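These are my notebook entries on a single chain. I record what I looked up, in the order in which I looked it up.

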Amino acid sequence: NITNPDKNSTGTLYFSTIGPNRIWKIEDNGKNLFEITEGVEFDISPDGQQIVLAGQGDTGIDIFVMDINGSNKINLTSELNFSSSDPKWSPDGEKIAFQAGISGSMNDTWIMKPDGSNKIKMTEGDSFLVHYCPEWSRDGSMLSFIKGIGEKDNGIWSWIDELWIISLTGESQKLLDSESPNSSAIWNRYNDAIAFISGGILFSF
């Protein structure tokens, strides 16, 4: 199953497969298929020289960075001691956003430098609150993310998803009270509009 084609690919297409979980590249003429590494979630750096990905670490899923050809793979989150996912480069390539939390729940949105230093937890979650699908604004000053709120009634779990934005100074704002987003948001080039999918319908505001 093919998933996660990189929307910024030109000339070479980067994509991942599930079962086996691998990240690949192929020329846009369909030739020279090359397996880069193990993983599913990934993002290409703005300069096209590196790839950041979520892959299997020693004790769980960690965030790795490597050269675009698959060499020089470095684990950036091994010291967190819990699973990490959904890495995204900032537009200037100076930061990486990702999700991290206890195993099985991606509870908080974090940012760090591409070498793994200066990790900052941007949100506060618990076992009934998860954050996922971080997306940078085009100027890199804000992140959008989906906040999932879990409720248990008579042994049955239900989840409500809300779309939020947060600035790099930590100021957050809920954008939606009605539609529940089913996908990460996409910012326009002016940072004054966001598009997302809810219930199979494309919304923008």
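**Entry 1: aromatic pairs**

I searched for ring pairs and found two aromatic pairs in the structure. I took rings of Phe, Tyr and Trp (its six-membered ring) as paired if their centres lie within 6.5 Å; planes under 30 degrees apart count as stacked, over 60 as edge-to-face and the rest as tilted. The pair of Phe82 and Trp110 is tilted, because the ring centres are 6.3 Å apart and the planes stand at 50°. Phe82 sits in the loop between E8 and E9 and Trp110 in strand E11, so I note a link between distant parts of the chain, 28 residues apart. The other entry, Phe98 with Trp110, is stacked, at 6.0 Å centre to centre and 25° between the planes. Phe98 belongs to strand E10 and Trp110 to strand E11, so this pair ties together parts twelve residues apart in sequence.

Phe98 is buried at 0%, Trp110 is buried at 11%, and Phe82 is partly exposed at 27%.

**Entry 2: provenance and confidence**

The model is predicted: local features need pLDDT of at least 70, side-chain atom pairs count only at pLDDT 80 or more, and totals for chains, interfaces and linings use all residues. Residues are numbered from 1 along each chain as its sequence is written, and side-chain values use heavy atoms, with hydrogens and water left out.

I checked pLDDT, the predictor's confidence in each residue, from 0 to 100. The chain has a mean of 82, and 81% of its residues reach 70 or more. Where pLDDT is low, the predicted coordinates should not be read in detail.

**Entry 3: the sheet that holds E11**

I took helices (H or I, at least four residues) and strands (E, at least two) as DSSP runs, numbered from the N terminus; two strands pair if DSSP finds at least two bridges between them. E11 lies in an open sheet of four strands, in the order E9-E10-E11-E12, with antiparallel pairing. Strands E9 (83-89) and E12 (120-121) are at the edges with a single partner strand each, so one side of each has no neighbour in the sheet.

Strand E10 (residues 96-101) is joined to strand E11 (residues 108-112) by five bridges, and Ile96 has Met112 as its bridge partner. E11 also has two bridges to E12, where Ile111 stands opposite Ile120.

**Entry 4**

I found another open sheet of four strands, ordered E5-E6-E7-E8, with antiparallel pairing. Its edge strands are E5 (42-44) and E8 (74-75), each pairing on one side only. Three bridges connect E5 and strand E6 (residues 50-56), and Ile44 stands opposite Ile51 in E6.

**Entry 5: nonpolar cores**

I defined a nonpolar core as a set of buried Ala, Val, Leu, Ile, Met, Phe, Trp, Tyr and Cys residues joined through side-chain atoms within 4.5 Å. The largest core has twelve residues, including Val52, Ala54, Ile63, Leu80, Phe98 and Trp110. E6, strand E7 (61-67), E10 and E11 each give two or more residues to this core, and E10 gives the largest share, three residues. Apart from it lies another core of ten residues, among them Tyr14, Ile23, Ile36 and Ile44.

**Entry 6: a charge over a ring**

I counted a charge as over a ring if NZ of Lys or CZ of Arg is within 6 Å of the ring centre and within 35 degrees of the ring normal. Lys73 lies over the face of Phe64, at 4.6 Å from the ring centre.

Notes
Buried means under 20% relative accessible area, exposed over 50%, partly exposed in between (1.4 Å probe, protein chains only).
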